Amino acid sequence: MARISVKVDGASYSDDVEPRMLLVHYLRERLGKVGTVVGCDTSNCGACTVHLDGRSVKSCNVLAVQADGHEVTTIEGISSGEELHPVQEAFRECHALQCGYCTPGMIMQAIDLLNENPSPSEEGIRHGLEGNLCRCTGYHNIVKAVQKAAGSDLEGAQQ
Amino acid sequence: MIPAQFDYAAPATVEEALSALASAGDDAKVIAGGQSLLPVLRMRLNAPSLVVDLSKIESLRGVRDDGDALVIGAMTTYQSILDDASVHEHLLLLVKAVETIADPQIRHRGTLGGALAHADPAGDVGATALALGAQFEITGSSGSRTVPADEFFQGLFETAVGEDELLTSIRFPKHTGWGAHYEKFVRVSHQWSIVAVAATVKAEGGTIQEARIGLTNMGDRPLRATSVEKALVGQQATEDAVRTAAASAAEGTDPPSDLNGDAEYRRSIVPVLTRRAVLAAAGG
């Protein structure tokens with residue numbers, strides 16, 4: 001067992017974990033943060049994307065012990081109370097989810113993308129989401145949602 | 001999928017990491033960014049008794065200007081390389097290759113040294129380091145030694161780094177003003193390279209003065225297309241001239257056959273990819 005101290009969605013936790021425990025399993029099974037999902041389990045699909053010290057990572061591809069001393073933000077930590085994060089709001093408005101399984105990872109990656117570039121082009125959005133797969137293939141509305149969250153012109157995007 | 005059990009050490013210095021490795025014999029694995037190692041552990045293709053994490057060793061991170069070269073710490077992430085203005089100015093080829101690696105999440109964690117030490121022949125930084133004439137600093141308990149790129153890669157997942165040693169930094173001679181392009185052939189964007197060509201070219205007034213070309217996934221290790229490099233010297237950077245020079249790109253290669261393409265297919269596309277890479281590199 002190894003002792004880790006992490007800050008997750010603003011709260012501090014100290015836990016003994018097996019070194020082999022993946023961050024995503026720590027979040028879901030130890031902290032109950034089941035908003036972060038396991039999709040492919042092979043680090044391809046991006047459904048488990050969270051932020052580690054403010055940058056997006058695939059939490060199935062990070063050990064919980066590697067998060068020791070660091071700060072994690074999950075999909076459960078981005079709204080303020082009942083008020084949705086602007087990217088969550090845009091996903092709802094643009095119908096950017098069908099089954100919804102990829103949504104937590106898509107939103108966390110979209111936030112990282114917009115932090116880096118507040119007004120990305122459509123191509124830039126598609127490129128920035130290349131590590132996130134949607135099995136419903138609902139990419140068009142996902143891209144529109146990111147454009148809406150970025151405050152760009154949706155009329156132009158629909159052409 | 002959950003890895004098999006292992007002990008874990010996160011030393012704060014290179015010396016401590018080396019003694020942790022020595023204590024575990026040949027049953028330890030070093031974890032850098034972990035973006036290749038963790039899938040291997042999860043699928044239980046490897047089950048080390050000890051994992052030594054280098055992430056707390058600050059001295060292994062960052063890009064340092066050393067006159068005629070940039071020295072990049074082994075634990076420097078891909079994202080840090082992309083964010084570094086000096087790499088853009090002096091090692092454009094490295095930028096071009098790194099920006100094609102996997103996806104943003106992987107680039108935030110993955111490290112240059114981790115990928116080079118992993119030595120996957122389909123990895124993108126090996127051929128790039130070879131083309132740029134990189135020197136690898138390997139540190140063991142008795143000190144450091146420097147190994148050139150053409151001796152560093154020794155086969156499939158095999159490098160000059162011994163079991164009780166660490167790759168600590170990579171020294172790249174500056175290629176200021178050289179054009180560069182990384183032509184990557186993949187089926188989907190974040191796939192491993194089926195074949196890729198790393199080209200950096202020094203051209204003046206449309207004439208190629210010098211060219212360095214590395215090939216990804218054309219053998220069990222990164223290869224240089226030296227016959228193409230020689231044939232390009234003094235040529236105009238035109239489609240016809242570059243096509244003629246690139247025709248020998250498959251010479252001396254021994255590519256793998258897999259579901260993405262057999263060896264013959266890879267040998268037939270590598271001249272095409274080389275032509276595209278050189279033309280794009282010569283164009284700026």
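How many bridges pair strand β12 (residues 195–204) of chain B with β13(B), and in which sense do they run? The two strands pair in the antiparallel sense, over 9 bridges. Please keep in mind while you look around that this is a predicted model. Within the pairing, K202(B) has E210(B) of β13(B) as its bridge partner. The hairpin that β12(B) and β13(B) make has 2 residues between the strands, and G205(B) there takes a positive phi near 55°.

Follow the chain onward and β13(B) takes part in another hairpin, this time with β14(B), where 6 residues lie between the strands. In that turn, N217(B) has a positive phi of about 65°. Strand β14 (residues 223–224) of chain B runs antiparallel to β13(B), and 2 bridges join them. You can find L215(B) standing opposite L223(B) in β14(B).

Is strand β13 (residues 207–216) of chain B largely enclosed or largely open? Of its 10 residues, 7 are buried, so β13(B) is largely enclosed by the rest of the structure.

## The five-stranded sheet

Chain B also holds an open sheet of 5 strands, in the order β4-β5-β10-β6-β7, with antiparallel pairing. At its edges are β4 (63–65) and β7 (143–148) of chain B, each of which pairs on one side only. From one strand to the next, the twist averages 25°.

Look inside this sheet for strand β6 (residues 135–140) of chain B, which is joined by 5 bridges to strand β10 (residues 166–173) of chain B; these two run antiparallel. A handy landmark is E137(B), which stands opposite S169(B) in β10(B). Lying across β6 and β10 of chain B is helix α1 (residues 14–24) of chain B, which runs at about 130° to β10(B).

## A parallel pair and its crossover

For a parallel arrangement, turn to strand β2 (residues 28–31) and strand β3 (residues 50–53) of chain B, which pair over 4 bridges. Here K29(B) stands opposite V51(B) in β3(B). Between the two strands the chain passes through helix α2 (residues 37–42) of chain B, and this β-α-β crossover is right-handed.

## Chain B as a whole

Stepping back, the secondary structure of chain B comes to 12 helices and 14 strands. The C-alpha trace spans about 60 × 45 × 30 Å along its principal axes. How does the radius of gyration of chain B compare with that of a compact globule? A compact globule with 284 residues would have a value near 19 Å, and chain B, at 19 Å, agrees with this.

Of the 284 residues of chain B, 51% count as buried. Taking the contacts in chain B with a separation of 6 or more, 64% are between residues 24 or more positions apart.

## Two domains in chain A

Chain A is divided into domain 1 (2–77) and domain 2 (86–158). Their C-alpha centres lie 23 Å apart. Across the boundary, 15 residues of domain 1 of chain A are in contact with 11 residues of domain 2 of chain A. On the domain 1 side, β3 (49–52) and β4 (55–58) of chain A are the elements that give two or more residues. The most comes from β3(A), with 3 residues.

## Where the chains touch

The contact between the chains takes 22 residues from chain A and 24 residues from chain B. On the chain A side, β4 and α3 (103–116) of chain A each supply at least two residues.

Most residues other than glycine have a negative phi. In chain A, S43(A) has a positive phi, near 65°, and H95(A) has one near 50°. Both sit in loops: S43(A) between α1 (23–30) and β3 of chain A, and H95(A) between α2 (86–93) and α3 of chain A.

H95(A), by contrast, is exposed, with 12 other C-beta atoms within 10 Å.

How values were computed
Residues numbered from 1 in each chain as written. Chains lettered and ligands numbered in written order. Predicted model: local features only at pLDDT ≥ 70, side-chain atom pairs only at ≥ 80, totals over all residues. Pairing = 2+ DSSP bridges. Axes fitted to C-alpha atoms, helices over the stretch in contact; angles between N-to-C directions. Contact = placed C-beta atoms within 7 Å. Rg over C-alpha atoms; globule rule 2.2 N^0.38 Å. Buried ≥ 20, exposed ≤ 12 C-beta atoms within 10 Å, placed from the backbone. Right-handed = clockwise from strand over helix to strand, strands pointing away. Domains from an automatic or database assignment.
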